[in-house]
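This briefing covers one protein chain, from its overall make-up to single residues. The sequence and structure come first, and the points after them are grouped by topic.

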Amino acid sequence: MSRLREMILPFVNLDENARQRSEKHYTVRSIYIDTPDLHIYTEKIEGFPNRKKVRLRGYDSLELSKGVVFTEIKRKYQIPILKNRAKMTYQDALDLFLNKTDLHSVLQKDKAIENANRFFYYIGKMKLKPVVLVTYDREPFLSKTDDTIRVTLDKNLRSLSFPRLDDLYEDDKLKMAMPDHFILEVKFNHYYPGWMKAIAHSLNLKQVSASKYCICIDSHGFMNRSRKFKVISNAKLFRKRYAGRIIE
């Protein structure tokens, strides 16, 4: 990771959200929500072109984040990736899950109400339940010449199976999914940067799908115990094929 970081630094600046922290990274926490038979997981594993992920996302600790979380639906339609995201307090999110309050008393903006309503609609329609808490530390960088180009180094991927909603900020019970490995992501709107292409070529990096949700589920052996599915362990396959290429 240090070699890759040194190679990209002439072209990027550390994101301000990480720059103000002594560790130079922030922690991403997501409770992924799926059907009892892991329908959303299966869509990803089988490569469905149109699919979604449903999650409750927070950052760092409850104190550092000031209790702010997001309900998210991440949708993929062929290549474009879209997000329906609503910002609220952690306590409001818990109350909404328990039907102790309603969206209009929690959110003010029409777009946020629409996105949150879509989130809870899917939960009710598909009978979604918390499946896994996925946590990792992210080093985010922005291009010096185009702030739509974003490079992230995600490390210390760890998880908790079948979490409660109030486990979002849990740290002690997490299981490491890919020890001593990290995931590189390059995000862009218009073009893949030439400097990143040259760096990737020099390090023999290859593009590959790397779903943190699926990797963490596989690290707990969910599908190996299921009679309904016969799926190769995504985490093991990922490490076998791409260790030293996109991750190291």
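A residue is called buried when its relative accessible area is under 20%, exposed when over 50%, and partly exposed in between, using a 1.4 Å probe and protein chains only. By that cut-off Arg21 is buried, because its relative accessible area is 18%. The model is predicted: local features need pLDDT of at least 70, side-chain atom pairs count only at pLDDT 80 or more, and totals for chains, interfaces and linings use all residues. Residues are numbered from 1 along each chain as its sequence is written, and side-chain values use heavy atoms, with hydrogens and water left out.

**Overall make-up**

- The protein chain has 9 helices and 9 strands, where helices (H or I, at least four residues) and strands (E, at least two) are DSSP runs numbered from the N terminus.
- Of the 248 residues in the protein chain, 52% are buried.
- Among contacts (heavy atoms within 4.5 Å) with a separation of 6 or more, 66% are between residues 24 or more positions apart.

- Arg21 lies in the loop between α2 (16-19) and β2 (26-34), and beyond four places in sequence it touches Tyr26 and Asp60.
- Ser65 sits in the loop between β3 (50-59) and β4 (68-77), and it counts as buried because its relative accessible area is 14%.
- Leaving aside neighbours within four places in sequence, Ser65 is in contact with Tyr59 and Tyr169.
- The side chains of Ser65 and Tyr169 form a polar contact of 3.3 Å; such a contact is a pair of N or O atoms within 3.5 Å, and within protein one must be able to donate a hydrogen and the other to accept it, with residues adjacent in sequence counting only if both atoms are side-chain atoms.
- Ser65 and Thr89 are 24 residues apart along the chain, and their C-alpha atoms are separated by 9.7 Å.

**Nonpolar core**

- A nonpolar core is a set of buried Ala, Val, Leu, Ile, Met, Phe, Trp, Tyr and Cys residues joined through side-chain atoms within 4.5 Å.
- The largest such core has 68 residues, of which Leu4, Ile8, Met88, Leu107 and Tyr213 touch the most other members.
- Leu107 is in contact with Ala86, Lys87, Met88, Ala112, Ile113 and Ala116, leaving aside neighbours within four places in sequence.

**Covered helices**

- Helix α4 (residues 90-97) is mostly covered, with 6 of its 8 residues buried: Tyr90, Ala93, Leu94, Asp95, Leu96 and Phe97.
- The buried residues of α4 pack against β2, β3, β4, β5 (81-89), α5 (103-106) and α6 (110-126).
- After α4 comes Asn99, with a positive phi near 60°.
- Helix α8 (residues 212-219) has 8 of its 8 residues buried, so it is largely enclosed by the rest of the structure.
- α8 is followed by Gly221, whose phi is positive and near 70°.
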